[in-house]
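Please look over the sequence and structure below before reading on.

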Amino acid sequence: MAKKYYVVWEGRERGIFTDWDTCKRQVDQFAGARYKSYKTRQEAEIAFRSSAAAAFKKAKATPKPKRSSASGPKTYSVDEIASLDVSTKIFADGGCDPNPGKAASGVAVYRDGAVADLWYGLFNPAGTNNTAELNALHQSLLLAQREIAEQQSVAIFCDSKYAIQCITQWAFNWQKKGWKKQGGDIKNLEMIQDIFALYVKLRGSVQVLHVNGHVGVEGNELADRMSMHGIEEKEEQFVQFKEHMDVQAVLAMRKG
């Protein structure tokens with residue numbers, strides 16, 4: 001059977017897929033799904049780019065939604081995540097059981113709309129949920145750095161407003177004030193300084209966005225399962241999940 005390429009313009013994840021099963025997961029029972037198969041990669045890329053260009057023009061003409069709070073990051077919905085036109089989407093999550101207690105981090109990487117890699121580890125027997133979330137964001141930035149070096153566009157999604165605001169907002173003021181803040185010490189300061197230094201290098205090439213946890217965003221759910229897997233395995237390094245990439249089997253694993 002001749003190989004086909006599937007373009008998904010509207011689905012759980014947008015992009016070009018090389019097998020029907022992956023494509024079907026994006027469009028099956030998805031309201032307003034738009035997709036089509038092509039015989040060659042070139043035809044698929046042209047079709048996808050044409051639609052992306054039209055969407056970009058529309059987005060420029062549409063006023064951006066206002067944030068519900070000036071002090072916090074905008075929360076991206078399932079549809080907004082799916083329609084974001086970047087080639088690599090990285091989902092970060094940290095878990096701790098109890099809190100404080102056994103902690104670990106997880107990451108899910110999507111390329112062109114399909115799950116590509118899962119990562120887990122950085123087990124800490126005396127961690128917190130915040131340190132696990134910061135570690136997950138740090139590893140996501142390191143992965144993003146590699147993707148950017150390969151000329152890929154990247155967005156990172158994290159369900160911790162604390163981790164996002166520490167690195168993308170608060171750290172700028174803390175640095176100006178000699179890494180001090182009004183009212184007391186900065187918790188997890190050394191971690192934040194290391195992550196912030198990397199973020200400053202990459203911020204022109206990567207978006208760090210907020211998504212709510214456990215609301216049906218597949219990437220967030222996979223990252224969550226990886227954080228719990230890291231706790232169960234007591235994996236101190238940050239390693240790639242080497243088992244068969246069965247999304248449903250991973251989703252059936254222990255939740256955080």
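Is Lys234 buried, partly exposed or exposed, and why? In this predicted model, the relative accessibility of Lys234 is 48%, so Lys234 counts as partly exposed, because that class lies between the 20% and 50% cut-offs.

Backbone: positive phi
- Most residues other than glycine have a negative phi, and most peptide bonds are trans.
- Lys234 is not a glycine, yet its phi is positive, at about 55°.
- Lys234 sits in the loop that runs between helix H7 (218-233) and strand S9 (238-240).
- Leu122, also a residue other than glycine, has a positive phi near 60°.
- Leu122 belongs to strand S6 (residues 114-127).

Backbone: cis peptide bonds
- The peptide bond between Asp97 and Pro98 is cis, with omega about -10°.
- Pro98 is in the loop between strand S4 (88-97) and strand S5 (101-111).
- Asn99 and Pro100 are likewise joined by a cis peptide bond, with omega about 0°.
- Pro100 also lies in the loop between S4 and S5.

- Asp159 is located in the loop between strand S7 (154-158) and helix H5 (161-176).
- Asp159 is buried but has no salt bridge.
- The side chains of Asp159 and Asn220 make a polar contact of 3.1 Å.
- Beyond its neighbours within four places in sequence, Asp159 has contacts that include Ala92, Asp93, Glu133, His210 and Asn220.

Conventions:
Residues are numbered from 1 along each chain as its sequence is written. This is a predicted model: local features need pLDDT of at least 70, side-chain atom pairs count only at pLDDT 80 or more; totals for chains, interfaces and linings use all residues. Side-chain values use heavy atoms; hydrogens and water are left out. Helices (H or I, at least four residues) and strands (E, at least two) are DSSP runs, numbered from the N terminus. Buried means under 20% relative accessible area, exposed over 50%, partly exposed in between (1.4 Å probe, protein chains only). Lys and Arg count as positive and Asp and Glu as negative; His and the chain ends are not counted. A salt bridge is a side-chain nitrogen of Lys or Arg within 4 Å of a carboxyl oxygen of Asp or Glu. A polar contact is a pair of N or O atoms within 3.5 Å; within protein, one must be able to donate a hydrogen and the other to accept it, and residues adjacent in sequence count only if both atoms are side-chain atoms. Contact means heavy atoms within 4.5 Å.
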